[in-house]
Amino acid sequence: MNKKLIILLTAVVIVAQFPLLAQNTSTYSWDNLPKIAQPIFRKDTFNILTFGAKPDGITLNTQAINKAIDDCSRKGGGVVLVPGGLWLTGPIELKNNVNLHLKKAATLLFTTDKSQYALVEGVYEGKAAARNQSPISGKNLENVAITGQGMVDGNGDVWRAVHKSQLTETQWKEKIASGGVLKDDGKTWYPSEQFKKASTENRSMLLVPGKSPQDFADMKDFLRPNLLVLTNCKKVLLEGVTFQNSPAWCLHPLMCQDLTLRNLTVKNPEYAHNGDGMDIESCKNFLIEGCTLDVGDDAICIKSGKDEEGRKRGMPTENGVIRNNTVYNGHGGFVVGSEMSGGARNIFVYDCTFMGTDKGLRFKSVRGRGGVVEHIYAKNIFMKDIAQEAIFFDMYYFVKFATDGERDERPVVNEGTPIFRNMKFENIVCSGAKKGVFIRGLPEMTVQNITMKNLVLQTDKGIELTDASGIHLEKVQLIPKETKPVILIVNSHHLTFDGIQYGTIAEVLFSVSGQRSEDINVKNTDLTKAHTKAEFGQGALEKQLILSAAK
């Protein structure tokens, strides 16, 4: 039987068994964006000063702040006011119908006393895990907000390990002088001996049957919390506030509906391990607008659970609008994955600027994840000084953690096969990157049906496509430093290059390799500036590349 037919029939069987893999028939479009319901609060105001809070940076205000929140919620809701001052506190738990409002000079500074953070059942990369209680949390809430112009500081440096190579010599000396312990090779600083032991022994934090959070007390220091975690909440608003110095991820809405993140500043040091900005996981109907991020890991990140657990949860992150945001440092400006086993769909990204991120638009997964990522649209994206790729798809992303279980990594199509398809990117400008476009799918499941239109990419290398199909590039201006080749194609098919510009001269315009490379169409492209129009290798046939003269 034909190999392509076998793959198709297998995929049909999988879709029948896992309905979330079925094609989404969304009616959303640029003219009909997802709508996000907003929370509404009473005007009643509860000043934390009334409950005994003191803004002296010394008094621990945990009880007073939580009492104000409890009282406000119990009386029907309203605003809990945090006036200007330095408010030292332990964990804060949000409640229904409460808007925690931070005045401009207000800072919620979370204590470095880790005994204040209880061991709780949390989530780590989509799996149930023992964690320290998050500085700010809420579960099963409706109508909840943090607003204002104040600051939330998680004091993350006391929680994180850091490598010597990530700091200047002065910073390294200061870090050692602050306490903690060094790894035996002297190249890594740990907050404590307990942290070091858990890290070097590669201990897992996962909550397996028969284990409770208290069973992890001997590695408590290692179980860094996310700064803010909201779980299964509806009508959530985060607006105007600065969130910074998170112990792990900064903002983590999980299984929330009608979520708005507006005009936030999210900051973490460049060396912050797992210092993500926003991780939107298994959320429905969300808006991220007007935010500025400068973080240590992925900036705006879409997730939906990991491997079998994520597929069982079956909750895609869907119906999102991401607009008017600026990202400085970060592993990616807009990111999907790698924990996307529940899928992601109907997400619109526009009018965003990425300045100095590692990658721009970043999509990552691996065999065994599963999930469908589709109907992702991006336009008016402007990038400068991107360290690696401007547009990046990689189905071979994998970092081994102690929390990783067994994964089916066979090159066959099954429920663990990640599917990335049906996306459109347009009006994208990048000034400076290693590569303009990089797509690497799987032989058994290509990255499919991606349209890119009106791109200007000034990069070291142009375009690389491996195991990709249905890729359409139209009106793309490539200005690569290296032109041998400008466009590399490996085992990819059903490709269209329409109106490609590539500078004043090119050594090799197309390099095509692999027996599966076929049905490659080039049109409305000036071929006269290339010394070699195309070269072929590793079984690729010249007849599969159809070159049409420019009009």
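I began with the surface: the chain exposes about 22200 Å², and carbon and sulfur atoms supply 49% of that area. I note here that the model is predicted.

Next I looked up burial over the chain. Of the 551 residues, 57% are buried.

I then checked the overall dimensions. The C-alpha atoms fill a box of roughly 80 × 55 × 50 Å along the principal axes. The radius of gyration is 25 Å, which agrees with the value near 24 Å that a compact globule of 551 residues would have.

For secondary structure I recorded 5 helices and 42 strands.

On charges, I listed 66 positive and 61 negative ones in the chain. Their mean positions lie 2 Å apart.

I turned to one residue, Ser246. I found Ser246 in the loop between β17 (242-244) and β18 (251-254). Is Ser246 buried or exposed? Its relative accessibility is 0%, so I count Ser246 as buried, the cut-off being under 20%.

Which residues does Ser246 touch, leaving out those up to four places away in sequence? I noted Gly156, Arg160, Leu227 and Asn268. With Asn268 there is a polar contact between the two side chains, at 2.7 Å.

How values were computed. Residues are numbered from 1 along each chain as its sequence is written. This is a predicted model: local features need pLDDT of at least 70, side-chain atom pairs count only at pLDDT 80 or more; totals for chains, interfaces and linings use all residues. Side-chain values use heavy atoms; hydrogens and water are left out. Helices (H or I, at least four residues) and strands (E, at least two) are DSSP runs, numbered from the N terminus. The radius of gyration is taken over C-alpha atoms; the globule rule is 2.2 Å times the number of residues to the power 0.38. Buried means under 20% relative accessible area, exposed over 50%, partly exposed in between (1.4 Å probe, protein chains only). Accessible areas come from the Shrake-Rupley method with a 1.4 Å probe; for residues, only the protein chains shown count as cover. Lys and Arg count as positive and Asp and Glu as negative; His and the chain ends are not counted. The place of a charge is taken as NZ of Lys, CZ of Arg, CG of Asp or CD of Glu. A polar contact is a pair of N or O atoms within 3.5 Å; within protein, one must be able to donate a hydrogen and the other to accept it, and residues adjacent in sequence count only if both atoms are side-chain atoms. Contact means heavy atoms within 4.5 Å.
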